[in-house]
Amino acid sequence: MKRIFNFSAGPAILPIPVLEEASRGVLEIAGSGMSLLEVSHRGKEYEAIHFDARDRLLRVMGLSPDEYTALFLGGGASLQFAMLPMNFLRQGQTADYVHTGEWAIKAIKEARRFGDVNVAGSSEASRFSYIPKDLNLTPGAQYVHITTNNTIEGTEYSALPDTGDVPLVADASSDILSRAVDYSRLHLIYAGAQKNAGAAGVTLVIARKSCLERASDDLPVILSYKTHAKADSLYNTPPAFAVYIVGLVLKWIEEQGGISVVDARNREKAEIVYRALDEYPGFYDPAVTDRADRSLMNVTFRLKRAELEKEFLAGAQAREMEGLKGHRSVGGFRASIYNAFPIEGCQALAAYLHEFAAANG
Ligand code: PMP
């Protein structure tokens, strides 16, 4: 099997053992004589996978199943931009949002349909190059929403903000399961699975049970968190194959030694790439200058000489490095180095960064 260095921002690289086991599951699941793709979501084969993935998710995140529920929903993280305020924000109420980039603003725009939004902090004036720390929080707000890792801009919260009694909620689509976080500080966490947690098609929603009890009852059934919590994410047909992959990824994380081991490896990987960029301040322009705010998952940078961008990309492709082009809205480059991305790929990129700067600097 040929493997290149895949720096795609998502859907993204998966661990090889996960791909191997998944390929077996596509042919036959649990000695049933059926493919996982062919079995009923109410049958014993799928139910075992579903509940194992749910329990494993909470375990890997260090959350108690007495206090937290994990849901597997469709619609992507983008549906959560709407579902969250739909369930917890009414006209006349306020939610605080921190504006840290393109995904955050999408969440803000959806929330404005349902109630008042206070933008408690924003780094927009500095092209989202840092995480705002001094927040202007609303006493008694329904919740405070943050984007823990900003996939496009390359910033990441190194510490969760203190929001007092107001529940903290996070879009963790691009850093969930990537580093040691005290997830119990959060009341609700949502994440599309297609970066660190699995394949596209399922969104993880992990919430405090006490938080879900306060959700609205006056909603279309399918958009109510209570519906999915009551039915253990089996109210309707779940994205079964994607849930299966999440379970395999979680098993892989546990086999690695859990999140703390993955965290240490991710720090080492990111350091290799950032160090190479920082060595040539006259040549490379990292998008995030405050080191504490630099993402371990998405390393964003430009070339000071923009006319060399095409050549840089072509050289990377010739070295079997794909997916380095920055998001279309910001340009430049982005190296996404999620959990499954190997350290050898970071070393190869660092070597190329040295080589390219030396040849053109
Ligand atoms: N939030 C963040 C931080 C993201 O990176 C993305 C997708 N890249 C989304 C939300 C949207 O996710 P989806 O495509 O699953 O709706």
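Reply: In this predicted model, Ile206 touches Leu57, Leu58, Met61, Leu63, Tyr68, Thr69, Ala70, Ile176, His187, Leu188 and Ile189, where residues up to four places away in sequence are left out of the list. Ile206 also belongs to the largest nonpolar core, a set of 53 residues, and together with Leu57, Met61, Ile176 and Leu177 it is among the members that touch the most other members. The largest share of this core comes from helix α7 (residues 240–256), which supplies 11 residues. There is also a second, separate core of 36 residues, and Ile13, Ala276, Ile337 and Phe341 are included in it. In soluble globular proteins, nonpolar side chains tend to be buried together.

Two of those names, Ile337 and Phe341, return when we turn to Lys269, which touches Ile337, Tyr338, Asn339, Phe341, Ile343 and Cys346, again without counting residues up to four places away in sequence. Lys269 lies in helix α8 (residues 259–278), and although Lys269 is buried, it has no salt bridge, since the nearest side chain of opposite charge, that of Glu344, is 9.0 Å away, whereas a salt bridge needs the charged atoms to be within 4 Å.

Val221 sits in the loop between α5 (209–213) and α6 (225–230), and with a relative accessible area of 44% it is partly exposed.

Terms used. Residues numbered from 1 in each chain as written. Predicted model: local features only at pLDDT ≥ 70, side-chain atom pairs only at ≥ 80, totals over all residues. Heavy atoms only, no water. Helix = DSSP H or I, 4+ residues; strand = E, 2+ residues; numbered from the N terminus. Buried < 20%, exposed > 50% of the residue type's maximum accessible area, 1.4 Å probe, protein only. Lys, Arg positive; Asp, Glu negative; His and termini not counted. Contact = heavy atoms within 4.5 Å. Core = buried A, V, L, I, M, F, W, Y, C linked by side-chain atoms within 4.5 Å.
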